[in-house]
Amino acid sequence: MANNAELPIGDAAVTMSVLQEEISIGTRTVDTGRGVRISKTVSELPFEVNEILHHDEISVRHVPIDRIVAIGDAPASRYEGDTLIIPIVEEVLVVERRLRIKEELHVTTTRRDEHYAETVMLKSEQVHVERFDKASDN
């Protein structure tokens, strides 16, 4: 940008140019030659599953009793060790009413262990990063 200034010197005027610099700033994209390559691989690895599984088995045994008891003396369910005993009663008509223990149910729970093994495939990812950097080529 230029401005003119007049200076009087005696009867004559001298014209002098006054200059000022200006700057224009901008950006641009430049390929620097640097970059990154990322690769990923997936692999399957065998994994052995080895566990103990539990399950219960129930056995029911009918034990005949055939004994007459008074109505107020009816037996309740009870445990003998690991066995639950459930008395089964029925009414029998006689001159008076009595309870006869017809049978007992002896219920025993037995725990059995079963070995379980299986091979399952598990996935695992690996990542590799490769840099392309001109500064590191020195």
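Two strands pair if DSSP finds at least two bridges between them. Strands are DSSP runs of E with at least two residues, and helices are runs of H or I with at least four, numbered from the N terminus. The model is predicted: local features need pLDDT of at least 70, side-chain atom pairs count only at pLDDT 80 or more, and totals for chains, interfaces and linings use all residues. Residues are numbered from 1 along each chain as its sequence is written, and side-chain values use heavy atoms, without hydrogens and water.

The chain has six strands and zero helices. β3 and β6 pair in the antiparallel sense over 33 bridges; in β6, A117 is the bridge partner of N50. An open antiparallel sheet is formed by four strands in the order β3-β6-β5-β4. Because β3 and β4 (78–80) stand at the edges, each with a single partner strand, one side of each lacks a neighbour in the sheet.

V36, I38, V127 and V129 form a nonpolar surface patch. β3 (35–69) and β6 (98–132) are the elements that give two or more residues to this patch. V129 lies in strand β6 and is partly exposed (between the buried limit, under 20% relative accessible area, and the exposed limit, over 50%; 1.4 Å probe, protein chains only).

Accessible areas come from the Shrake-Rupley method with a 1.4 Å probe; for residues, only the protein chains shown count as cover.

| Item | Accessible area |
|---|---|
| Nonpolar patch V36, I38, V127, V129, together | about 370 Å² |
| V129, relative | 43% |

Buried residues make up 9% of the 138 residues in the chain.

Terms used:
Patch = residues over 30% accessible without salt bridge, like charges linked within 9 Å, V, L, I, M, F, W, Y side chains within 5 Å. Salt bridge = Lys/Arg side-chain N within 4 Å of Asp/Glu carboxyl O.
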